[in-house]
Structure formats: structure tokens, C-alpha cells
Amino acid sequence: MKPAPFKYLAADSAAAALALKAEHGEDARFLAGGQSLIPAMNFRLAQPAVLIDINPAQDLSYIKTERDVLRIGALTRNRTLERDPLVAKHCPLIREAVVHVAHPQIRNRGTLAGNLAHADPASEMPAVMLALGARMKARSAKGERWIAARDFFTGVFSTALAADELLAEIEVPALPPRTGCAFLEVARRRGDYAMMGVAAVVTDGRKVRLGYCSAGSTPMLVESDSLDVDVQAGIDPLGSVHASKAYQRHLAGVLTQRALRIAVSRS
Amino acid sequence: MRIKTTVNNKVYEREVEPRLQLADLLRHDLGLTGTHVGCEHGVCGACTVLFDGLPVRSCLMLAVQAGGHEIHTVESLAAAPDKLHPLQEAFRASHALQCGFCTPGILMTMKAFLEENPAPTEEEVREALSGNLCRCTGYQNIVDAVMLASKK
Amino acid sequence: MTTRSFGERIRRNEDPRLLTGRALFIDDIELPGLLHATFVRSPHAHARIRGIDTAAARAVPGVIAVYTAADLGDYWKPGPLLVPPPPIAGIVFNQRCQVPLAKDKVRHAGEPVALVIAQSRYVAEDAAAEVAVDYEALPAVVDLEAALKPGASLVHEDVGSNVSAHCRQTRGDYARAAKGAHLVIKRRFLYDRGTSSPIETRGVVAQWDAKSDRLTVWDTTQAPVGIRDGLAAMLGLSERQVRVVAPYIGGGFGPKIMMFYPEETLVPWAAMRLERPVKWIEDRAEHFLATTHERGQIHDAEMALARDGKILGIRDVFLHDGGAYDPYGLTVPINSQCTLLNVYDVAHYDSTFTAVFTTLPIVTPYRGAGRQHGIFVMERLLDLAARELGLDPVEIRRRNLIPPDAFPYNYGIIYQDFEPLEYDSGNYEPILDKALELVGYQHFLREEQPKLRAQGRRVGIGVVCYVEGTGIGPYEGAKVQVQSSGKVSVVTGIGTQGQGHYTAFAQIVADQVGVKVSDVEVITGDTDQFYWGAGTFASRGAVVAGNAVNEAAKVVRRKILRTAAEHFECAEQDLLVEDGAVHVVGVRQKSIRLGELAGKANPMRGAVEPGTEPGLEATSYFGPKMGATASGVHAMIVEVDRETMMLEVKKYVVVHDCGTVINPMILEGQIHGGVAQGIGNAFYEKLVFDADGQLLNASLADYLLPTALDVPRMTLAHTVTPSPLNPLGIKGAGEAGAIPVGPLFAQALENALGLPAKKIEILEIPLSPSRLWEIACATPTTGR
């Protein structure tokens, strides 16, 4: 399973990466962690003509807070999210979810931005970003714009990013006071994609934001003003070789109840 | 493309095609065949090496990404063929390998794991091991080997 | 002082090499001028080939050749039949073996259609993508019952149906026995496909040396001698011109003893034709379709019982999914048919199977090799009968065990080795009692389970019995030789895929010849080193090759004593062989190291006596008259999350009897590994084919091998009932762990979820949380 040939270009800064992307457009893919892209290329399911390696672009590697907002640069590895004290303090939900992403060997290379841009509906972190109400900064050589998480994921493996754009930063807002969070998933084996997963954010014991993975062709957001949530109306699971649609719906109900209980107890 | 990389503390300069997988560079260009390839999609873990000290899947990296970095493979563990690393000794004592194909990947993963977690519980070892597939041993003896090594 | 090594937990000789990454596996082989092969494989499960255009592929820079069936000329022919049908009256067998490259038709997704040879695997794959094949899709044949209906699409038109084989074996008179029965239980059982998925896939490297007229083939095969003989015949070479080497192999488990896979047949041919060495390494994506599978069967079984739970008879009619070709004959379904009888005294048995051609990859033995299906049916029938009769599931088993004084127990039907199914020895009740003791059966049922249930937890227990027919013939051989260094070499014709032959065989020799285990060098899998053999399959390596090693070692010991007696001019009984030397008892200065003695046995002058040979060397063969039957019991306590149906194994016990044990550490490793594969088979691993014969989960991300978090810690114990069939008293053990795990899970999960009270039954394997939920809720798969 060897990849098809491609041209390799290394970018040592965000600007350099964007210039290359502007030049090559849809023929080029960014290489960050590569933990989703390279297996796809090994299977020849993805055959980009050009690979723009942004790993040398250190200006994309940061985690910082600005006022109450957490900013995560594109090159932030999932391993870093697991261990970074700013993330633990500002948004423990991220840490709680990221340990479910594959295995340490994958998290040592994989990036949050790469995971979000890959937009696998079974992935945990997109669901978490939805629940948190995060924003994605899309940069191109022409400028930048912000895309809300709820507008970012447009379909299976597809996002609102344009052909010349890079997901450069993820902005996680501060959680309102009296907010508790929880992340739960059911996967066949540890580290596998979830058969169903939910990120729950509960404020004042009743305002609920639930982000689901494996619940549709994109991560699904269900909001409610009370703990009595109509989960089934807000999701549309596709079924898989591991889980029937009925079972996924059943799990969504079970996990929602459990996650809400935990989130409330933490708020 | 020309790359310059350090593998097992030795510097190599090589001309590589962009699509050459890191595992293929190590095994075929550098002759370090101890690292094995089991799946080429990042699941089995047989290809795990240390990249700047951290375990990664060498089937999911390109050789061109190795430039300027430090890689360690299973060949770096034993001081000499008859002087095994304590982790390797523990594996032998515990019968933690049968066909041995998954073993190098597991050794590199566990070496890094024990450096970060010198006194793990069995549960923690199993969790750390869950990213490496073994089809022969049923894992029990591998867990015992890692616990044994952690006590040395 | 020599310490006895047979029976000891000796560290493995092979480990330092494997641990340091210095063991040669197939893809480690580098040769000057090496070329790389890949195959163009059919994306369709069933299609006619209208035409193949290789022009674009051949034009890719770095491509050396592209071959299709048309290019093979006379070399193109179906592979040999590896196992003919057994001599059973009325048996029907339609032999249709795999071909090197599909000619007019493809019969399973992944079947090779063209061979591409290039400078690198990367370029070969580029070229393979350029080969244009014009297919005319045909209806796939996937459902076994539909395949047998009139008008079904035919996998092999000239057969006239999709019947690969049909076979009935009987004992006694089931119909009459059932008439007098207090209870007849009848059910349909489903067992589904899985794949062995060793961490190392297959590979072949071939090198033709035109100057010396010799072909060397490195192959991840479990049967190097068989491959040597077959390749020589196919390629028009003499056997002495062909050397097949099975290097270190990363797991075999059965499918690597399927012989004359298309790739195995073609890579040597290409190497000879191009006069360049050629390497083919199967990648994981290929492995899912190109390497053989196992497991798919549908059983309609019934059991007639007396009021006290004694089995009066069993009738079973089953369909076996054989895949697109049947080169391995009836081995798997015959094993199912025979192993169904398990450890029980069954006087009346009527078993019929139809092996069906499907447009799916070929089915050949994989660890258990059909035994699991039989055990699943028997153990489930007993559980269901116990329920109806109000008996404890352990009690019903106890009442039906073959008693210890009934051995050898002959069922009269024919087994996979063509001999009557006869259990050589066994003592089953102590195994059952030991398992119950270790798992804490009574304590669990009386105290733990009620307490946990009161807390709302779903915990359950399961206990199942199994047999494993092992150690069948025809034979193996071994040559043992004391070298001038004093080290002892052992060579045998079988190969090794991790089961510790380099150590176990050394232990056998070490005691006989008085050396340390680490001073015995074992060579396996090289046809230049040992000419004759069958291979590692059917749990026979230790039994058959081990006994051959033992016989040869005994002869060498006699030669040592005779040579030393001549040398010291004393009687043989005055000699002691230990610590790598021979000395006269009580006279320490009359001592000679074995290496030096070997030199004395190979004179530079004088004569070798007629009827003797030079050196301290012997070759012996061992051919057991029939297989030895091992057996055991697995017991498990499991907890299920009643909402998610995720489970956790709380306790897992194996009590196992494989006769005399050579190395308990190696044996335990085999059990651990077998159970892990059994757990995979029971709850994680299922090959999901759609109605078009497409494999939906062809990657390790979706074909789920158990991880360290999925395989529990196991408690193992042994009983030893030696086999009377060989001097060492050993029985095989390689497949045991994998055999009974399916019915164990079914029983324990039914118990945990309280399904019997709801009249819900688990009649299929593999399970999964999703499927378990559907069964437990009794909702159909199409959702609510």
C-alpha cells in the first residue's frame, strides 16, 4: 500500500504555507500530523498532487489564552492538548475527550486542527468543538475569516474551508460560570472511532449543549433549555459494520443521560 | 530530495523520493530491519519507532519528514547482541514473545511509556499496550514483562 | 551437574535474536537486482473478463513486465488438490482449485488478474493502477442457502451447481434413538467468517541462479517441503534444484499452510523467466482478500435426550462456506462434523454437510480448523437441553462425559486424517472439576451472582468442554548431530511461526545427549537441510516432529555410548553422559568432550564398520497411526453493561490436558494466544461481506483484533493424561485455546443477561455489543 507520487513542498511559516496553497489550490493538501491523510494516501484513497508540509511552520505551534479565550494553533499536537496546563484549566472537556482519540503513538503526531479539517463524523473532537461553541480561523493568502463550529462541518470528510484556506487556529471561548462538562463514548475497542459519543456542556444545571459524534454525516449539535432533551430528533446516525442505527440511537439516549448527570454534578 | 537524519545516534544523508515511507527508509535504505511493517495504516503498531523520543508509527510518516530529527529503533536498545536491555531481558524471562514480529514496536512503545510512568499498574500497562496488536501471546506475558521491567 | 530440561520452563533460544531485531523475516531479504511484484486484483466478486489491456501499465517507467493468464502459456493450470476427500461412502467432491491468474472469469473479490514486476513496489502499484480490465459483472454468490437453489448464479458453471462437496457420516441409528427420547431439541446455529490476520502478512522471494541451475524460494509457508516438491514439478525442475526456505515467520495460524496460492506459484516463475530475483510482500489490504479465511457455517442440529439428560443421539445437517475454490478438500467441515462429538458418549449420530462454492475468498484451516463449529453446536444444544430439563449446565455435561475406562473410544466415523475417529486417552471429569474449582463455580452461583444482581449488575458464568484432535500423521523426520564444536544440531522438515520449536526440540535433545538447551541449535524450514516432511498444521509440530527428534536423539545417545565405550575400553553401563561430555563413572580423568568424541567417530584413517555411519548423527522418522485427542474446559465470569452491552471478562480459566508437556511456559503461551483469538472470534472479529461479495471491513481499523484491554488475564491449569500413541506421551496444543470460546461467551452472556428467563437464546457467533443488544431486546436488525 504505497502512495501515488506527489510533489513535496515544505513551508517554514504560515505565510509560506498559504502562498503555496494559493498557488496549487485543490491539487494540494496540507500535511500536519498526517495520521489521517497518510493512511488515506497509502490506500490511494487520497492522491494529492502536492503535499505542503506545515510541520516546519513553528509560528503555527502555540496554545495561549487571550482574556478568557483559549487559542490553539494549527500545529498543536493532540498529545500536547492532553498535557498542557492551560487546556486543563481553561477547558477540561478537551482533555477528557482527547484521550479517546486513537492511541498515544497517533496523538504524538496528530493535531487538533488536522483532526477537525479531516471532518470524520465519527471523530470525537469535532463533537467537542460543537458543544463548546468554538470558532475556527480560516486563513488564506488573501486574508482570514472566522467560521463557527456549527457552520464548519458540512458533510462526511468535508468542511467549509475553501480550496485556498488553512485551518490556522481554533478559538475556544470561556465557559460561562456554573458550567460543568463531560465526555462519554462507546467504542468497540479503546481508541477506536466511537459507535456513539457525546460531549455535554451544562450551565446553571439546565442550559444544555450536546455535541454528538457518529450521529450523522457530520457531528451533531443538540441544544436545550432544560435537561429534558429530545436527543433522537437531533441526530441521524448512519449505522456501520459495528453498530446498527437502532443501537446507535439507543446508545445516544443512554450516553446523554449519563453525560448530563456527570456534567451537572461538576457544575 | 536530500535529507539528513540521525538514527540510533548515527547521522545519515540520503536522497529520497517524497513518497518513501519512513518505515521503508529505515528498513531498506538503512538496513535496520528490526522495525516491522504490519498494516501501513497505523493500527497494528509493529512499525513503532521513537521520533525525537516519542513513539510514532513509522508507516504514517514520510522519510522526508525525518530530516533534522532523531529516530531510535529497536536496534538501539541492546548494548551488544549478548547484552540485552533490561526491558528485553524481562520479555525473555516472561515469554512475552512468540513469533516476535510485533515485538520491536512494543519494545519501543513500552520503553517510552516506562520512562514517563516508571511505576505503572497492570491496568495502565494494558492501556499503554492497547495501541499495539499481538496475535500470538494474548498479551498476558507482555504485561508481566513490562511490570517486571518496571521493578528493576 | 545436568538438570533435566524436558518439562521445564526453559527460556527460548530464539528470543535474543527476535528481541534485538536481528531475525530474518521475509521482507528483510535484500538481493542484488531485486525486483518487486504486485498483483492486479478483481474488484468484483463475480465477473467475466472480456479483455485486459496492459499497454499503459507496461509503459510506466521502472516497470519490467506485466503478465496475464495468456502470458503463462502451459504454466497456467489450476493448483493441485492438497487434501483429497476421505474414503467415506457416498461422498461427493467437485474439485475446483485456484488458478495462478484469472482467465475467463473472476470468482472472488481480490482474485489476481495480472502480475506486475517493477523496480520498486511503489512503481509496481503505479503500474497496476494502469492495467485496464474489462469486466462483465455477474451476480455474486454469498448466501449459502440461496446458492443451492435452482437458478442460482454458478461459481463453476461446469459443476452444474454450487455444491463443492456433500458428505454424510452416521453412527448407530439416530431416527430410532430419537423416537424413544424424552426430549428433542432442534435449533439453527450460525457461525460466521473470520480471518487469521497474523501481524506479518504473506510473502515470497524467489531467485533463479542460471549459472548453477538452482532456484531458491523464501516463503512464509508452514509447509516448505510441500512447496519445494510442487514448485519443482510445476517448473520442470528436479527437487534437488529447488530450495525452499521458511525464514522467521510472523504468525502462521493455518492460512500459511494453504499451498500454491497464486502468488506462490507465480513469483518463482517470474524470477526464472526474468532471470532476476523477485519479491512479493502481501500488504494488509491484500491480506483481507488474498489469504484464506475460515468459519462460515449454518447448522440445523437436533439432539435427542433421555429424561436424565443423557444424550441419546444427535442429527446435524449443515452448510459450509468453502469459498470460490476447494483445494483443501473437506478438512474444515470434516473437523466440524467429527469434533461436534466433543468429550461425550454419543451412541447415535447422523451428520450431513454440503460444502458450498461462493464468490468469496477460499476457506482453508485457521486455528481450530472447523472444530469450533462442532463444539459450538454441541455445547449450545446441551445448554438448551439443560434449560428444558431443569438441569445445571455443568451437571448435564458431567452426565455425558466419556468415562476414563472407555478409552480408546472409537466413534467409527472418519476423521480428517482418513482414520476412524478414535480418542486415544482422556480423563475428563477431573478437568471439569478443576475448572469449577478455579473459577469458583458454586460460590459464584450461590453468593456472588445473587449479591451483584441485587445491585442491578449483570454478571454471568459459563463453563464449556472441548476436544482437539491433534498430532496426526503422515510423519515428520529429524536429524540430530553432534558437531565438532560440541554443540548439537537438530534439523527437521517443518517450519516455525513462533511456537518455540527452537527451544522445545532443543529440550528434547538436551536431556538425551547431555548438553545444555542453549547448546542445541535447531534448524527448521529449510528444504536443503532436511528433505522430507509435511508441515505445521493440526497441532502436530511437537507431537510428530518432537517424537522424531526424540527418536533421533536416542539413536545419537546410543552412538555416543558405543563410541565412548570403544574409546575408553569399558562397558557402556560404566559411562555417564552429562554437561557436554562423557566420562567413566568414578574415574573423572577418563572424560571426553562430545565434540572431540564426534571427531573420533569420523575417522581420517581406518574403516567405518559395515552397517554403521560416521559421526554422531542419526535421522529418524515418526508417523503416528492416528491423531491424539487433547481436551479441556474453559470457564469464564463476565459482566455486561445492560445498557451499552459492553462487557468485561472478570475471570477466565483454562484447564487443559495435552498429555506430557515439553515446556510449560511455551504451552501456556499457546493457550493464551489461542484464547485471545477465540475471544476475537466470539466478540470482535467478523468479516462483513455485502450481497455483492464486497468486504466492507477490509482494514485493521474495522476488522477488530482484540487488544491488551480486550483479553483478560487467564488462570491456567493442566492435567496430564499421556497419549499411548507416541513414546513421549504428548498431544498437540496449538489450537486448543481458540476452540470453545464461542459457546463459552454465548452461555455466560445468556446467564449474565438473564436471557433464559425471557426465552431468548444466543445461537450465533460472532457477537458484538450491537448484536447482543438486538438479541436481548429481541428486535429485528432493521431497527425499531
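The side chains of C:Glu125 and A:Arg44 meet in a salt bridge (3.8 Å, N to O); a salt bridge is a side-chain nitrogen of Lys or Arg within 4 Å of a carboxyl oxygen of Asp or Glu. This is a predicted model, where local features need pLDDT of at least 70, side-chain atom pairs count only at pLDDT 80 or more, and totals for chains, interfaces and linings use all residues. Residues are numbered from 1 along each chain as its sequence is written, chains are lettered from A and ligands numbered from 1 in the order in which they are written, and side-chain values use heavy atoms, with hydrogens and water left out.

**Salt bridges**

- Over all chains, the structure holds 88 salt bridges.
- The C:Glu125 and A:Arg44 pair crosses between chains, from helix H4 (residues 121-130) of chain C to the loop between helix H2 (37-42) and strand S3 (50-53) of chain A.
- Helices (H or I, at least four residues) and strands (E, at least two) are DSSP runs, numbered from the N terminus.
- C:Glu125 counts as buried because its relative accessibility is 10%; buried means under 20% relative accessible area, exposed over 50%, partly exposed in between (1.4 Å probe, protein chains only).
- A:Arg44 is also buried, at 18% relative accessibility.
- Both residues belong to a salt-bridge network whose members include B:Glu17, B:Arg19, C:Arg41 and C:Glu286.
- A:Glu82 forms a salt bridge with A:Arg107, with the closest N and O atoms 2.6 Å apart.
- That pair links distant parts of the chain, 25 residues apart: A:Glu82 is in helix H3 (residues 78-83) and A:Arg107 in helix H6 (residues 104-107) of chain A.
- A:Glu82 is buried at 15% relative accessibility, and A:Arg107 is buried at 6%.
- In chain C, C:Arg771 pairs with C:Glu764 in a salt bridge, the closest N and O atoms being 2.8 Å apart.
- C:Arg771 is partly exposed at 24% relative accessibility, whereas C:Glu764 is buried at 14%.

**Chain B against chain A**

- Contact (heavy atoms within 4.5 Å) joins 28 residues of chain B to 28 residues of chain A.
- The two chains bury about 2,400 Å² between them, 55% of it from carbon and sulfur atoms; buried area is the accessible area (1.4 Å probe) that two parts lose on being put together, summed over both.
- On the chain B side, B:Arg19, B:Glu40 and B:Leu60 lose the most area to chain A, together 26% of what that side buries.
- The interface has 5 salt bridges.
- B:Glu127 and A:Arg190 meet in a salt bridge through their side chains (3.5 Å, N to O).

**Domains of chain B**

- Chain B is divided into domain 1 (2-74) and domain 2 (86-150), with bounds from an automatic or database domain assignment.
- Their C-alpha centres lie 21 Å apart.
- Domain 1 puts 17 residues in contact with 13 residues of domain 2.
- The two domains of chain B bury about 1,100 Å² between them, 66% of it on carbon and sulfur atoms.
- In domain 1, B:His36, B:Leu50 and B:Val74 lose the most area to domain 2, together 39% of what that side buries.
- The count of salt bridges between these domains is 0.

**C:Gln169**

- C:Gln169 sits in strand S8 (residues 163-171) of chain C.
- C:Gln169 counts as buried because its relative accessibility is 5%.
- A polar atom of the C:Gln169 side chain lies 2.7 Å from the backbone nitrogen of C:Ile414.
- Leaving aside neighbours within four places in sequence, the contacts of C:Gln169 include C:Ile88, C:Tyr349, C:Asp350 and C:Ile414.

Technical notes. Polar contact = N/O pair within 3.5 Å; in protein donor to acceptor, adjacent residues only side chain to side chain.
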